[in-house]
Amino acid sequence: MATNDSTLLTASEISVANMTESQVADQTFSEKLADLPAILWNNRDFLVLECRIIFTAMACIYIGSHAALRRPPSANPTKKGKKGHEQRDRDEEREEQYVQGLLPSDAILFPILAGTILVGLYYLIKWLEDPDILNKILRVYFSSMSLASMGKLFADSLHFLTGFIFPTVWLGKNGQLYHINYPGVGQWTSAGDDAEKVMDDKKKTPFPGWWSELNLSDSTNTLLWDVRHLLVEQWTVRLSIHGIVNETFKVRFNDILGAVLGVGINVIYYTTESTFLSNVMGYAFTYAGIILMSPTTFATGTAVLFGLFFYDIYMVFFTPYMVTVATKLDVPIKLVFEGPTKASMLGLGDIVLPGIFVALCLRFDHYMFYHRQRKLIPVALESKDESSGQLVATTRMQRMVIKPDYVNPQGHWGDRFWSTKFGKILSPDATPALKAAAFPKTYFHAAVIGYFVAMVTTLIMLLVYRHAQPALLYLVPGVVFAVWITGTARGELSEMWAYTEDGRLDTADTIVDVDGDGNVIDVVYADEKGGKDDKVQARKDDKKGEQKTVAARDTPKNGGTAKQDASLTDKDEKKPSEVKSVIGRKKKSYPVFLFSIEAPVSRGLGDS
C-alpha cells in the first residue's frame with residue numbers, strides 16, 4: 001500500500017510454496033485469485049501485520065472524526081444559562097476550534113506540491129548516497145512540528161481517562177441516576193429535570209458505583225474532591241512580553257500534562273529512534289490533521305481526493321520516486337509494523353486524506369440531525385409598492401426557520417459507560433448530551449465501510465500481484481462512491497451538494513418559501529451570523545438611551561440646585577498635570593516578561 005511517501009516493505013518478500021516467478025507471471029488473474037487461500041496460509045505473519053494496519057488506520061479515522069465534531073450551522077449556539085460551568089467550558093472550547101478549509105483549486109495544487117517534494121527528496125537521497133544525514137535533519141524537523149499534535153493527542157487521551165474516573169453521572173443498581181455535584185461536593189438525585197435536588201449523604205466520594213460509599217476520612221474525601229476539581233476545571237495561563245505579546249488563555253491540567261508528555265516523547269524518540277515512538281508521532285499527526293483540516297464541501301473533497309488518486313497511481317506504478325523515498329527515509333511520515341520475519345508500513349496520507357472526507361461525512365450527519373429538527377413558523381412580511389404613484393402596502397405569509405439549540409456530544413464517554421445499561425449502549429438517554437451523541441451516523445458508517453472494503457481490496461491486490469500498491473487507487477473510489485451512492489439512495493443529493501463549512505449556512509432569522517408539502521423551495525431572506533451582534537449592540541444602545549432618559553427625568557427642576565451641583569463638580573476636577581502625576585504615582589512598573597499558571601480555587605460543601 002503506497003501513497004504520499006508510503007509503501008509495503010514486504011511486497012517483494014512474499015513467497016508462494018512450490019511456485020517460481022516465471023510460473024506466477026504466466027498465471028491469469030483468475031488463477032491467481034484461485035491460489036489466494038494458499039498464499040494467505042503461507043504468509044500468515046504478513047496477514048497479521050496487514051490486519052494490524054487496517055485496524056489501526058480505521059481506529060485513527062474513527063477517533064479523529066469524532067474529535068473533529070463541532071456545532072453544525074443547523075443548530076443555534078449553546079445557551080449558557082442552562083448549563084453548568086464545566087459543560088459550558090467544553091462548548092466554548094469547541095466553538096473556538098480552528099479549522100483549515102480546502103478550496104477547489106487544491107485539487108490541482110496538492111498533487112503538484114506533493115510531486116515536487118517527492119521528486120526533490122528522491123534526487124536529494126541519490127545525491128547524498130547515504131540518507132542518514134537527511135534522516136537526522138528531518139527527525140529534528142518532524143519532532144519540533146509534532147509537539148502541538150502530540151500535546152493535543154495526549155491531552156485528549158487524558159481527558160478521556162478522566163471522564164471514566166470522574167464522571168458527571170452514573171446509574172445505580174436500583175435504576176436511580178446520580179449526579180456528581182458541581183461546583184460543590186457531594187452527589188444528588190432528582191425525580192425529573194425540574195424536580196428539587198436531593199443530596200445523598202452516604203455518597204461522599206467523587207467516584208461512581210459502590211466506590212461512592214467508600215468509608216474514607218474527611219481529609220481523604222476532601223483531597224479526592226480537590227483532585228477532581230483540579231482535573232475538571234480550567235486553569236489560567238498568562239503570558240506577557242512587553243511590546244510583543246500579552247495573552248491570557250484557559251487550559252486544563254490534562255492539557256499541561258499532555259504538552260509535557262509530548263516534549264518527553266520527542267526527546268526519547270530523537271535519542272533512541274524507536275519505531276514504536278515514531279508510530280505514536282504518526283498517530284498524533286493523523287489525529288491533528290483530521291481535526292484541523294476540512295474539505296469544506298463534498299464537491300471539493302471529491303475533487304481533491306481524485307486529484308491525489310491519479311498522482312498516487314503515477315508515482316507508484318510508473319516512477320521509482322514513491323517506493324524509494326518511503327523505504328529510505330526513517331521519519332514519522334508512515335506507520336511501521338514489524339513482525340517476526342517481515343515488516344509492513346502505511347503512509348500517513350492513506351489515513352489523513354480519506355480521513356478528512358470521512359470526518360466531513362460525520363459532521364454532515366450531525367448537521368442533518370439538527371436540520372431535521374428545525375421548525376417553520378408562519379410570519380407576515382409587509383412590502384410597499386410606489387410604482388403606481390400611490391403607496392400600496394401588501395402583506396404575505398412566509399415561514400421563518402427556527403433552529404434547535406445545540407448540545408455538545410463530545411467528552412461524555414465516561415458518562416455513557418457509567419449511566420447506560422448494556423442493552424442501550426448504542427442509544428443512551430441518561431442526559432441531553434448523551435442523547436445528542438447518539439445521532440444517526442448514516443453517511444459516516446457508509447464511508448467507514450467503504451474504507452474497510454478498499455483496504456481489504458488493497459491487501460488482496462498486493463498478494464495477487466506481489467507489488468507495492470497505491471492505496472488511494474482503492475481508497476478514493478471506496479470512500480467517495482460509498483458516500484455519494486448513499487446520498488442518492490436516500491434522496492439527499494441536494495443537501496449534500498449544498499452543505500458547506502465556510503460559514504454561509506450559519507445564518508439567523510432565515511425566511512423561506514415552502515411548497516404545498518411543506519418543503520423549502522427558496523430562501524427569501526437570511527441574516528448573517530454577524531447580524532446577531534448588530535442586534536445585541538442595538539439593544540445595548542436602546543438601554544443606554546433609556547438610562548439617559550431616566551437620568552434626564554430624575555434631574556432636579558430647580559435650577560439653583562443644578563448650578564450648585566455644577567459648582568461642586570468644577571471644584572473636584574483636577575488639572576491635566578495633576579492627573580498625570582497621580583497616574584505616575586499609582587503605576588510605578590509594568591511587566592517586561594510574565595508567565596504564570598493559575599490553578600482553580602478549591603470548593604467546599606457550602607460553595608455554589
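## Overall make-up

Of the 608 residues of the protein, 44% count as buried, where buried means under 20% relative accessible area, exposed over 50% and partly exposed in between, with a 1.4 Å probe and protein chains only. This is a predicted model, in which local features need pLDDT of at least 70 and side-chain atom pairs count only at pLDDT 80 or more, whereas totals for chains, interfaces and linings use all residues. Residues are numbered from 1 along each chain as its sequence is written, and side-chain values use heavy atoms, with hydrogens and water left out.

The protein holds 22 helices and 15 strands, taken as DSSP runs numbered from the N terminus, helices being H or I of at least four residues and strands E of at least two. Among the contacts with a separation of 6 or more, residues 24 or more positions apart account for 73%, a contact being heavy atoms within 4.5 Å.

## The three-stranded sheet

An open sheet of 3 strands has the order β7-β6-β15, with antiparallel pairing; two strands are taken to pair if DSSP finds at least two bridges between them. Its edge strands are β7 (245–251) and β15 (593–598), each of which pairs on one side only. From one strand to the next the twist averages 5°, with axes fitted as lines to C-alpha atoms, for helices over the stretch in contact, and angles running from 0 to 180 degrees between N-to-C directions.

Strand β6 (residues 235–241) is joined to β7 by 7 bridges, the two running antiparallel, and within this pairing W235 stands opposite V251 in β7. Helix α10 (residues 253–272) packs on the sheet and touches β6, β7 and β15, its direction making about 110° with that of β7.

The 20 residues of α10 should span 28 Å at 1.5 Å a residue, which agrees with the 28 Å between its end C-alpha atoms; the expected span is 1.5 Å times one less than the number of residues. Buried positions in α10 are N254, G258, G262, I265, N266 and Y269. These residues cover an arc of only 115° around the axis, which puts them on the same side of α10, the arc being that of the directions from the helix axis to the C-beta atoms.

On the other side of α10, V260 and T271 are exposed. The cover over the buried residues of α10 includes α7 (132–145), α8 (147–165), α9 (218–232) and α11 (275–292). Just after the helix, E273 adopts a positive phi of about 55°.

## The four-stranded sheet

A further open sheet has 4 strands in the order β2-β3-β4-β5, again with antiparallel pairing. Because β2 (169–171) and β5 (198–200) stand at the edges with a single partner strand each, one side of each is left without a neighbour in the sheet. Neighbouring strands here are turned by 35° against each other on average, direction ignored.

Strand β3 (residues 177–180) pairs with β2 in the antiparallel sense over 3 bridges, and the bridge partner of W170 in β3 is Y178.

## Salt bridges

Counting a side-chain nitrogen of Lys or Arg within 4 Å of a carboxyl oxygen of Asp or Glu as a salt bridge, the total comes to 12 salt bridges. K203 takes part in a salt bridge with D200, with the closest N and O atoms 3.4 Å apart, and in one with E213, where the corresponding distance is 2.8 Å. Both E213 and K203 lie in the loop between β5 and α9, so the pair ties together parts that are 10 residues apart in sequence. K203 is buried, with a relative accessible area of 6%, whereas E213, at 44% relative accessibility, counts as partly exposed.

R363 forms a salt bridge with E501, the closest N and O atoms being 2.6 Å apart. This pair links distant parts of the chain, with R363 in helix α14 (residues 349–371) and E501 in the loop between α19 (493–498) and β13 (507–514), 138 residues apart. R363 counts as buried at 3% relative accessibility, while E501 counts as partly exposed at 24%. Through salt bridges that share partners, R70, R363 and E501 are joined into one network.
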